[in-house]
Amino acid sequence: TKDGRLTRVTPQEYQEQLIKELTAAVPTLAEFRARWLDPAQRQELLEQLATQNLLPEILRDAAKMDAYDEFDVLAELAYRVTPLTREQRAARFDDNGPAWLVKLPPLPAKVIRAIVRQFERAGTGALEAKELWQTPEIRELKGLDTLKQGGPPDELLRKTKATLFAA
């Protein structure tokens, strides 16, 4: 909208406006990543963009980036970071890494890997969805109860997100 009226914009103008608004709100990639890792701050940021009719999913669809999380769509656009697919980000959780995961007891590590597979399928939103703990694989592993054997679940989930969204 311009002066309260709907106006047509080109895809380039849309991108430029999104870059402007996003970098005004979070000037650096580090700040963007920190806000993205916190569900409330991420939601606030996305709502701030939405009030300007700037929706990352529109860009993802237009750029044919369905295999990418919204984090990568926005980071590439605003901060010129080479995007990684959800599959590439999830691959960081193979049998050899990350180091903190390898040190966990086997069952909590399996739960973390199952959570990462949900991210690989559905992106950031899957990490905070109530349904996460009801997926067959995680339910079979007894999810939260098993995760507690590896440490505080909120800390393990924070480490998981930090690893997923590392540059």
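**Entry 1: helix α12**

The expected span here is 1.5 Å times one less than the number of residues in the helix. I took helices as DSSP runs of H or I with at least four residues and strands as runs of E with at least two, numbered from the N terminus. The buried residues of α12 are Pro153, Leu156, Leu157, Thr160, Lys161, Ala162, Thr163 and Leu164. I used "buried" for under 20% relative accessible area, "exposed" for over 50% and "partly exposed" for values in between, with a 1.4 Å probe and protein chains only.

**Entry 2: the basis of these notes**

I note that this is a predicted model, in which local features need pLDDT of at least 70 and side-chain atom pairs count only at pLDDT 80 or more, while totals for chains, interfaces and linings use all residues. Residues are numbered from 1 along each chain as its sequence is written, and side-chain values use heavy atoms, with hydrogens and water left out.

**Entry 3: the whole protein**

I found twelve helices and zero strands. The C-alpha trace spans about 55 × 25 × 25 Å along its principal axes. Of the 167 residues, 41% count as buried. I then looked at contacts, meaning heavy atoms within 4.5 Å. Among those with a separation of 6 or more, 58% join residues 24 or more positions apart.

**Entry 4: helix α8**

I repeated the span check on α8 (residues 106-122): its 17 residues should span 24 Å at 1.5 Å a residue, and the end C-alpha atoms are 25 Å apart, which agrees. The buried residues of α8 include Ile112, Ile115 and Phe119. The buried residues of this helix pack against α6, α7, α9, α10, α11 and α12. After α8 comes glycine 123, with a positive phi near 85°.

I looked up valine 111, which lies in α8. Valine 111 counts as buried because its relative accessibility is 0%. Its contacts, leaving out residues up to four places away in sequence, are Trp133, Leu141, Gly143, Thr146 and Leu147. The C-alpha atoms of valine 111 and leucine 141 are 6.6 Å apart, although 30 residues separate them along the chain.

**Entry 5: the nonpolar core**

I searched for nonpolar cores, that is, sets of buried Ala, Val, Leu, Ile, Met, Phe, Trp, Tyr and Cys residues joined through side-chain atoms within 4.5 Å. The largest has 41 residues, and Leu22, Phe32, Ile112 and Ile115 have the most contacts inside it. The elements giving two or more residues to this core include α1, α8 and α12. Beyond four places in sequence, phenylalanine 32 touches Leu22, Val26, Leu45, Phe71, Leu74, Ala75 and Tyr79.

**Entry 6: the second largest pocket**

I read a pocket as an open set of points on a 1 Å grid over the protein atoms alone, where a 1.4 Å probe fits, with protein on both sides within 12 Å along at least five of seven lines; lining residues have an atom within 4 Å of a point. The second largest pocket holds about 180 Å³ of space, a volume being the space filled by probe spheres set on the points, which are joined across faces, edges and corners. Its lining has 13 residues, and Arg42, Leu46, Glu70, Thr124 and Gly125 are the closest to the centre. Helix α3 gives the largest share of the lining, four residues.

I finished with arginine 42, found in α3. Arginine 42 is buried, with a relative accessible area of 8%. Its contacts beyond four places in sequence are Arg35, Trp36, Leu37, Thr124 and Glu128.
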